[in-house]
Amino acid sequence: MIKRTSSVVALSLVASGVSQAQEAGKYHMGSVDLIPVLNTELLHINNVTYANDSASEVNSWVSIISPELKAVTEIAGNEIELGYRLQRGDFYSSQRDNYTDHFLHADGDFIISDRNRFSARANFEDGHDDRGRVYSNGFGNELSEPDTYKKGSIDGLYSYGASSASGRVELTAGYELIKYDDREEVLGFRDSEFLDYRDRDYLRYGAAFYYKVAPSTDLVLDATRQEITYDEAADPANPLDSVENKVLAGLSWNTNSYTRSYAKIGYKQKKFDAANREDFSGVAWEVGMAYKPVSYSQFRLSTTADTRETNGLADYIRSRTYTLNWEHSWVDRLSTNAEIAFIADDYEGQAANLREDDTTRFSVGMDYMFRRWITLGVYYQLNERDSNRDTIDFDRDVIGLTAKVTL
């Protein structure tokens, strides 16, 4: 799947943007509103399989069609949404990369009283990794088709405290699992032992306390715990099962009704069940700031430092990300978006000469709303990775035309 902005950095800024939103039309069926949306893209991708300079590159035009249907209703004044999206990608010069993904979600927000609120979301994804991504880094040309997986998650958030109160408590809990399809096409390109440890699940829970120190500013203390369990271990004596604890403290503030900024820094610990694995303890941070000098222009800056699960021969990945985004509305119907991101990934463990990757991503795009129900766009995206492993280096360019159609 091609994304117009960096998928590595998840900006937690609650912002509606500066451009005029395309409001989707609805079918009214009693108490249920049906909202259909069709997104299409025509892309030219240089280096489909993320190959390095010494390997043969695959270049191709790609068409992506993604219809989506949402059903929205209310129960006792609380909104409930169900949705399904299909995404089909056809590569004109590389049919081995064709894919069909399915996405399901259900979410709801429930206001129990002025002090009690609850929200929940469930997701299911029947998705894929592009050749040359995740577990086929540097070996994408060896696969006969994309690697596929099933992923499901459910998350809930309970909030106690009125919005005007000095203090507020939020409790979170969630569960996620991912299962890869161990087809012969995948197992034939790398030995099966390497792929055995991919399937895993996450159990996470945490609490955050907010204390108002100004009308638009809160002090925040955030503590989370995550338990990661793998179905199998490539080395049974040294499984990758671990427990992560993270405590962050900082500020959260609203600059206006459209933006939310935050800055939190603290301590992260990752402890493996296996004594021979290398535990981690160190600084973690989450910072996101939105600056809106005028109503039609907004800058967003974010950075994070955390750990991620390994996709190769290491115990874990120590990752730092930095992202700058600028969104500008030139006129009511015309807007542009530019983003640059830098990601530093260090593979940690006791083995010698572990991977160190530096990835730069840049994208720029323009959207024009011809009518309320149709928006056309054009964008360019550049991905570049430098690594101490030559087989992992790559340069990749994407040029795309997009169309979003609603009722």
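1. Asp-218 and Arg-168 are both buried, where buried means under 20% relative accessible area, exposed over 50%, and partly exposed in between (1.4 Å probe, protein chains only). The two residues form a salt bridge in which the closest N and O atoms are 3.8 Å apart; a salt bridge is a side-chain nitrogen of Lys or Arg within 4 Å of a carboxyl oxygen of Asp or Glu. The pair links distant parts of the chain, with Asp-218 in strand E10 and Arg-168 in strand E8, 50 residues apart. Helices (H or I, at least four residues) and strands (E, at least two) are DSSP runs, numbered from the N terminus.

2. On the basis of the model: it is predicted, so that local features need pLDDT of at least 70 and side-chain atom pairs count only at pLDDT 80 or more, while totals for chains, interfaces and linings use all residues. Residues are numbered from 1 along each chain as its sequence is written, and side-chain values use heavy atoms, with hydrogens and water left out.

3. The protein chain contains two helices and 19 strands. Its radius of gyration is 22 Å, close to the 22 Å that the globule rule gives for 407 residues, so the chain is as compact as a globular protein of that length. The radius is taken over C-alpha atoms, and the globule rule is 2.2 Å times the number of residues to the power 0.38. Along the principal axes, the C-alpha trace spans about 55 × 50 × 40 Å.

4. Of the 407 residues, 44% count as buried. The accessible surface of the protein chain comes to about 20400 Å², and 56% of this belongs to carbon and sulfur atoms; accessible areas come from the Shrake-Rupley method with a 1.4 Å probe, and for residues only the protein chains shown count as cover. Among contacts between residues at least 6 apart in sequence, 58% join residues at least 24 apart, contact meaning heavy atoms within 4.5 Å.

5. A search of the whole structure finds 28 salt bridges. One of them joins Arg-308 and Asp-345, whose side chains meet at 2.8 Å, N to O. Arg-308 lies in strand E14 (residues 297-308) and Asp-345 in strand E16 (residues 334-348), so this pair ties together parts that are 37 residues apart in sequence. Arg-308 is partly exposed, with a relative accessible area of 35%, whereas Asp-345 is buried at 9%.

6. Asp-90 and Arg-88 form another salt bridge, with the closest N and O atoms 2.9 Å apart. Asp-90 is partly exposed, with a relative accessible area of 26%, and Arg-88 is partly exposed at 30%. Elsewhere, a network of salt bridges links Asp-222, Glu-244, Lys-246, Lys-264, Lys-268, Lys-270, Glu-286, Asp-306 and Glu-309.

7. A nonpolar surface patch of about 840 Å² is made by Tyr-160, Val-169, Leu-171, Phe-209, Tyr-211, Val-213, Leu-219, Leu-221, Val-247 and Leu-251. Patches are made of residues with over 30% relative accessible area and no salt bridge; like charges are joined within 9 Å, and nonpolar side chains (Val, Leu, Ile, Met, Phe, Trp, Tyr) within 5 Å. Strands E8 (167-180), E9 (200-214), E10 (217-230) and E11 (242-256) each supply at least two residues of the patch, and the largest share, three residues, comes from E9.

8. Val-247 is found in strand E11 and counts as partly exposed at 42% relative accessibility. Val-169 is placed in strand E8 and is partly exposed at 32%. Leaving aside neighbours within four places in sequence, Val-169 is in contact with Tyr-158, Ser-159, Tyr-160, Ala-208 and Phe-209.

9. Thr-49 is found in the loop between strand E2 (32-46) and strand E3 (59-75) and is buried, at 1% relative accessibility. The side chains of Thr-49 and Asn-141 are joined by a polar contact of 2.7 Å. A polar contact is a pair of N or O atoms within 3.5 Å; within protein, one must be able to donate a hydrogen and the other to accept it, and residues adjacent in sequence count only if both atoms are side-chain atoms. Not counting residues up to four places away in sequence, Thr-49 touches Val-58, Asp-97, Arg-131, Gly-132, Gly-140 and Asn-141.

10. Arg-115 is found in the loop between strand E5 (99-111) and strand E6 (116-129). Neighbours within four places in sequence aside, Arg-115 is in contact with Ser-159, Tyr-160, Gly-161 and Ala-162. Arg-115 and Ser-164 are 49 residues apart in sequence and 9.7 Å apart in space, C-alpha to C-alpha.
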